Amino acid sequence: MTDDTIYSQILDDHYREPRNFGRMEDPDVQVTETNPTCGDTISLFIKVKDGNLEEISYVASGCLISVASASILSEKATGSSLKEIRTMAKSDVLKNLGLKLGPAREKCALISYDALMKAIDRYNSS
Amino acid sequence: MDIDVEEIRNHFPIFERFRRDGIVYLDNAATTQKPREVVDAITSFYYNSNSNVHRGVYRIGEEATELYNHSRENIASFIGARSEEIVFVRNATEALNIAANNLPDVVGRDSEVIISRMEHHSNIVPWHLASTRYGIRVKMMENLPDRQITWEDIEKNLTKKTRIVSLSQCSNILGTINDLSAIGKRLHELGIIFVVDAAQSVPHMPVDVKKLNCDLLAFSGHKMLGPSGIGCLYGTSEILENMPPYMGGGEMIREVYENGFTTADVPEKFEAGTPNIEGAIGLSAAVDFLKRIGMDNVRSHEKELIKYTLEKEEEYALESLHSYGPRNPDIRAGIYTFQMKKGDSGKPYGNYVHPHDISHLADRIRGVEIRSGHHCAMPQTVALGTYATARASFYIYNGKEDVDTFFDALKAIEKKMIA
C-alpha cells in the first residue's frame, strides 16, 4: 500500500517548510483559534495596508492538514484585498488543497481560514 | 493462548473484507465487529417473529416476548445478576445518565458525588448536568496514569456529604483495570452508593456484579459484539425500586388515570415505549458467543496481547514513541494509548506527529486502523499533558501478528515524519 493523495507531495512540502510561519512584530490584528477535539491551535497575525493584506504569518501546532492548509492559504491571501479574501468560501480553501477530506479532517483544513476571517472582521470593525 | 484467533475470525463476515483490503482493525474500545451469530439472531427475529412485546396474545407476539425475556435473563446471568435487575437502555451513556438524573432524589440534593479523572465523558458530564439541575456537588479526584485507583484516592475526597461514588472498572484511555470489589465493600459500609462504568470491562473480562459490591453498573452492547442502540443498566432491586422513573410512556406504567399514574415493577419502570427488541436479542446472541469462548479466556488472550505489545514497544525502541498506562499486564486491558514526539523545535514538522496523522498514516501505510483524539476522556488527556493521543485497542479476533503490523506502521511513520 502506498501513501494516498491526502499526504501528497504538495502537502508534505507545505508541512515540512510552511510558508510565512512565525510570529509577527506589531501586527494590526492577532487571532488565536483552537479545535478542542484534537488540540490544533493556530495564532494568526496580519498587517493591512490600503485595504490589502500586506503581510500574514502564523504559528500553528497541529496535524499535517492544518499546517499545510494554513501555509497554502497564507500564500494565496498575501497581497489580495481584504474584500476579496472575505468572499472566499470554505469550499475554495478545500479546493486549493486539492483533495477530498472526510468531515473530521475538514475542520483541520479550515482552522486557518476561520482564524483569517476572524482577523479581517476584527480589523474592519476596529 | 487459549483462543484460536483464525477460527474466531471466520465467524465475522467483515473479515472477508479485512483480508481482501489488508485492514487490521484496532479500534475495539470504540466499537467491536459483529459475528454472524449476532447478525443471524437479529435477521431471524425480523424474518420469523417480528411483533411487539408484552402485548399480543397471538403466537408471534408471544414468541417475541419470550425471546425478549430470555435475552434479559441471559444477559443478566452473564454478569451474575437476576433478570429484574437489568434495565435495557441504549448504551452505557444512557445508563449513567439515568443514574445521575435519578440518584439525587434518592440521596438528597445536598449530596456530593466523587468521580475519578480517568472517567469517560459519559461518567463525567451526566454528573455535571445533575449538579446544575439538582445542586449536587461533583468532585473529581486525581489518579496516577500508571496505577489503579486506590481507597486512599477516594478517602481524601470523602466528606459527610459524600453519598455517591461513580468509577470506571477499566479506563478507556489508560487501560487501567481498577480493583473495585474492596472499594465497593468499604463504600457500602459507609452507606455510599457505588456506581460502576463497566463499558470497557464487561466485554473483556469476567464481571460479577455481586462480587463488585456495586449498586448500579452500566455497559454497552456494541462494545461486546452486539448491535448498537442496546445496553444495560444493572441495579440492585433496592436501588431500582427507590429511584423514580426516568421517562414516561407506555410499558413503564401499571395504570394511568385522568389525574395520574402508577408505575410498572422494575425493570419495566425504566423502559418507557416499545423497547429495542431486536437489539436485546442481538446482544443476547453476543453474550452466547462470548460465553462459548469463556470470559476467562477472553481476558487471558487480551492480557497476552498487551504484554506482547509492551514487549514489542521495548524491542522496537522508537525514539519518538511515548505510551501511557500501567506496565503490569495483570492490571492492564488490551488498550495502548501513545504519542509520537521528540523535543520541540518550534516548527510543526520533524519533532511531533499529530495523532490524526498517526491514525491516517497507519491506515494508509499498513492498513492499521486506530483511534486518535481525546477518546472522550479530556480531563485524563489534559492530565497527560496533551490534547490528543493515538490509541490501539484489541479484542478476541486480534492476534500477535496484528501487533507486529502495528509496530511496523509506527516505525514507518517515525521514519517519514520525525527528523
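## Reading the model

Residues are numbered from 1 along each chain as its sequence is written, while chains are lettered from A and ligands numbered from 1 in the order in which they are written. Because this is a predicted model, local features need a pLDDT of at least 70 and side-chain atom pairs count only at pLDDT 80 or more, whereas totals for chains, interfaces and linings use all residues.

How confident is the predictor about chain B? The average pLDDT of chain B is 96, and 99% of its residues score at least 70; pLDDT is the predictor's confidence in each residue, from 0 to 100. For the complex, the predictor gives an ipTM of 0.85 and a pTM of 0.94. A word of caution for any model of this kind: where pLDDT is low, the predicted coordinates should not be read in detail.

## Chain A

Chain A has five helices and three strands, arranged along the sequence as α-β-β-β-α-α-α-α. Helices (H or I, at least four residues) and strands (E, at least two) are DSSP runs, numbered from the N terminus. The C-alpha atoms of chain A fill a box of roughly 50 × 25 × 25 Å along the principal axes. Its radius of gyration is 14 Å, which agrees with the value near 14 Å for a compact globule of 126 residues. That radius is taken over C-alpha atoms, and the globule rule is 2.2 Å times the number of residues to the power 0.38.

Buried residues make up 37% of chain A. A residue is buried if 20 or more other C-beta atoms lie within 10 Å of its own, exposed if 12 or fewer, and partly exposed in between, with C-beta atoms placed from the backbone.

## A hairpin in chain A

Take a look at strands β2 (residues 40-49) and β3 (residues 52-61) of chain A, which pair in the antiparallel sense over nine bridges. Two strands pair if DSSP finds at least two bridges between them. Across this pairing, I46(A) stands opposite I56(A) in β3(A). The hairpin has two residues between the strands, and D50(A) takes a positive phi near 50 degrees there.

Chain B contains 15 helices and 16 strands, and its C-alpha trace spans about 75 × 55 × 35 Å along the principal axes. With 419 residues, a compact globule would have a radius of gyration near 22 Å, and the 22 Å of chain B agrees with this. Of these 419 residues, 50% count as buried.

The chain is divided into domain 1 (5-30 + 294-417) and domain 2 (38-292), with bounds that come from an automatic or database domain assignment. The centres of the two domains, taken over C-alpha atoms, are 29 Å apart. Where they meet, 27 residues of domain 1 of chain B are in contact with 23 residues of domain 2 of chain B; two residues are in contact if their C-beta atoms, placed from the backbone, lie within 7 Å. On the domain 1 side, α12 (295-316), β12 (335-341) and α14 (378-383) of chain B each supply at least two residues. The largest share, six residues, comes from α12(B).

## Inside each domain

Strand β16 (residues 389-393) of chain B has five of its five residues buried. T389(B), R391(B) and S393(B) are on one side, with A390(B) and A392(B) on the other. β16(B) pairs with β12(B) in the antiparallel sense over four bridges, with Y336(B) opposite A392(B). β16(B) also pairs in the antiparallel sense with strand β15 (residues 371-373) of chain B, over three bridges, where T389(B) is the bridge partner of G373(B).

Now turn to I193(B), which lies in strand β6 (residues 193-197) of chain B. Is I193(B) buried or exposed? I193(B) counts as buried because it has 23 C-beta neighbours inside 10 Å. Leaving out residues up to four places away in sequence, I193(B) touches L103(B), V107(B), R163(B), I164(B), D215(B) and I239(B).

## Where the chains meet

Between the chains, 18 residues of chain B are in contact with 19 residues of chain A. Which helix gives the largest share of the chain B side? Helix α13 (residues 355-366) of chain B does, with seven residues. By class, the chain B side has six nonpolar, eight polar and four charged residues. Here Ala, Val, Leu, Ile, Met, Phe, Trp, Tyr, Cys and Pro count as nonpolar, Asp, Glu, Lys and Arg as charged, and the others, Gly among them, as polar.
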